[in-house]
Amino acid sequence: MLNKNFYLILIISAVFGISFWIGFNVNLLPVEASINAPIYDELFKILFIIGLIIFIGMTIAVVYSLFKFRKRKDQFGDGIALEGNLSLEIVWTIIPSIIVLIIGLYSYNIYDRMGGMKELNHSHEMMKSNTEKIWAGISQTSNNEVANKNLSVEVSAMQFAFLFNYPKGEFISGELHVPVDHKVSMKMESKDVIHAFWVPEFRIKQDIIPGQPTILNFTPTKVGKYPIICAELCGPYHGGMRASIIVEEESDYKDWFNKNTKTEVSL
Amino acid sequence: MTILIDSQDSNNKSLQPKGWLRYFSFSLDHKVIGIQYLVCGFLFYLIGGTLASAIRIELTSPMSDFMPRDIYNQVLTLHGTIMIFLWIVPVVNGAFGNYLIPFYVGARDMAFPRLNAVAFWLIPPSGLMLVASYFVEGAAQAGWTAYPPLSITTPQSGQIIWIMSVLLLGGSSIFGGINFIATIIKLRRPGLKLMQLPMYCWAMLGTSLLVVLSTPVLAGTLILLSFDIVAHTGFFNPVLGGNVVVYQHLFWFYSHPAVYIMVLPAFGLVSEILPVHSRKPLFGYTTMVFSIMGIVVLGLVVWAHHMFTSGTPPWMRLFFTIATAFIAVPTGIKFFNWVATLWGGKISINSAMLFSCGFIINFVFGGITGVALAQVPFDIHVHDTYFVVAHFHYIVYGGTVFIIFSSIYHWFPKVTGKLMNEKLGILHFAITFIGFNLCFAPQHWLGLNGMPRRVAEYDPQFQFVNQISSLGALLMAISTIPFLINIYASIKNGKDSGDNPWDALTPEWLTTSPPPVENWEGEAPLVEEPYGYGKPISK
């Protein structure tokens, strides 16, 4: 009996150990390039580890049962007539309930930290002169953000392109340029069908819905060029509906912005 | 015994064609209708599988070079629709439900045999209509979700045929659901209590409740969508003041429960198979019943988790996160109970058992990613990506389709009186299990790293992983060959199985194999303990 318990503890420890090791050492996600990303990755890691523990544990239990309790040639008759065990069933109802509750509360906390629970219409300067209803999105904030550093961009999505309007510069770009470590507020509208704005490296996505403007806020943290991908089926060229977001140093961004700002041309 | 079949029905049955010809007749025999569902569903599975193969061939290279992009969208729309509405739902509900439920309640047929036949005979013409819609000008290409405005603005003739077909299939489901509820509640053999019913009855009762409550919502939604397309009304068309998010709410009110409409019967079937082949009672019968009903109730209040990126308010995201995640609890109870059923048994390692155990492993994996997807922050990143494709296929293929195969191996001797070849069956399982995991496991990584779903072209960095996935799909296609050979060879030259080759205790095994027209020569047996293995009664 002592031996059995020893092996059981050993197996459980191994399952936990392997799961934690994989969870902390195997990175399945792309580079983190926004304030959201490390917060998201924290949740991913927890879900990954819990998932591994359950999956490895259940697989071992099934494979072990098939091996250990397989019917030998000389065996006849049935297994034990065990129809239930109330205390065991209560335990394996309560434990998953607690795990699910903890995961739910934790992910709520993560979502709140990502700005998901914040009122969207506050602090969005584009809304001050506009009474139209804005549908939900993520209103991300960070501790180090400065309100006047916000950059507002209007995004138009259409089959099969994204266009980025910079209201202050009065120009439209096919590429989204943003300065690093600045909060970017995007008001997004679709000209035709449903599209989605997704930057995997930022861990953000928001549908762009015709007739219903949506908002997405984010703060990029790493200089580089990242893909903007349409994630909602929008027609034959859906797979080709991509754009780029270029995160650059503030000075580079200003150069680009000034170069593109509308200037009067005298004839 | 309470039997609702009138004498006219009985006379009709005696006039039915004999032999294989009866499967092409308008039969009222629940067993014939069950097999009709199964064979018809399998033919559509082959069509849907061929379309899946075409999708995977296209995705072996990053560019759209195997077929034009609009054809690709039409193929994926048809693939999804066929697999859900013509393969999985009709087979796990219609085929096995029709074959088994009257046996399990001790009846000679379903409560409404004619309605039953109508429910089946709606399927072949609807399915053919759906397949034919591919060949008209402008086939449906808005995905199986048919989200407006895309479904309104793409070419319309194919989309309208698609809607008509799905409406008819929905009607078939509703007829079937009503019939199952009536049969289980009203047609039980006197003395047979609800808590003595085999678990598949409970699963079908729960599933039928979901069908009856949610399918009409889909039907209404599609009718409104067809008005938008044909009559230019503005229910969902934003140009005319319509609201596209309302469509999503209505669509998912059916289509999320549809997942449980596919998996609950599979849960019921595996609960029948595991005790027989492990020679142990089903562990925790009562909690299994309550967990089915828990899944039914929770299944109706989780639809908006498909819309976390669609512009839903924060409170709604929070509510649907919690509701969705909590479905893991009743589901988890079932999995623990199945493992406990195996534990300490005398397990026969055969094709039916291997597919059932493969189901447990695959479904646990799919369930874990499902709990992750229920979390709003996690879902926002992976929504509409290959992560979701992978998760969904782990549930419906790794779960339900594995159980369909397991069930075919288990009940084949009952239907035909012949045993299937075990070596071919185990080969079928091995290729399917390896192929399935090779195909879908890597897709989780694709989704996490930036590959959206429903694309004919993708970033070249994903090519290698896509090729592995396509190799898995090829193996899955190949796995069908030993299965088909096995079916043909076993019907032709299979060993006689006797009436009850598994020494099972559920009622269908207590009659001849194949069973007579009205199931029993005399009175139906009263089986008080369908899982009484290891007890004196079983000896």
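Reader: Is R454(B) buried or exposed?
Author: Buried stands for under 20% relative accessible area, exposed for over 50%, and partly exposed for the range in between, with a 1.4 Å probe and protein chains only. R454(B) has 9% relative accessibility and therefore counts as buried. This is a predicted model, in which local features need pLDDT of at least 70 and side-chain atom pairs count only at pLDDT 80 or more, while totals for chains, interfaces and linings use all residues. Residues are numbered from 1 along each chain as its sequence is written, chains are lettered from A and ligands numbered from 1 in the order in which they are written, and side-chain values use heavy atoms, without hydrogens and water.

Reader: Where is R454(B) found, and what is its phi?
Author: Most residues other than glycine have a negative phi, and most peptide bonds are trans. R454(B), not a glycine, has a positive phi of about 60°. R454(B) sits in the loop between helix 16 (422–449) and helix 17 of chain B. Helices (H or I, at least four residues) and strands (E, at least two) are DSSP runs, numbered from the N terminus.

Reader: What is the phi of R203(A)?
Author: Phi of R203(A) is near 60°, a positive value in a residue other than glycine. R203(A) lies in the loop between strand 7 (195–199) and strand 8 (204–208) of chain A, and is buried at a relative accessible area of 0%.

Reader: At what angle do helix 4 and helix 7 of chain B pack?
Author: Axes are lines fitted to C-alpha atoms, for helices over the stretch in contact, and angles run from 0 to 180 degrees between N-to-C directions. Helix 4 (residues 113–121) and helix 7 (residues 156–186) of chain B pack at about 150°, with axes 8 Å apart. Helix 4 of chain B and helix 7 of chain B are therefore roughly antiparallel; the classes are under 35 degrees roughly parallel, over 145 roughly antiparallel, 65 to 115 roughly perpendicular, and the rest oblique. Contact (heavy atoms within 4.5 Å) is made by residues including L115(B) of helix 4 of chain B and F175(B) of helix 7 of chain B.

Reader: At what angle do helix 9 and helix 15 of chain B pack?
Author: Helix 9 (residues 244–278) and helix 15 of chain B pack at about 40°, with axes 9 Å apart, and are therefore oblique to each other. Among the residues in contact are V259(B) and E272(B) of helix 9 of chain B, and F392(B) and W411(B) of helix 15 of chain B.
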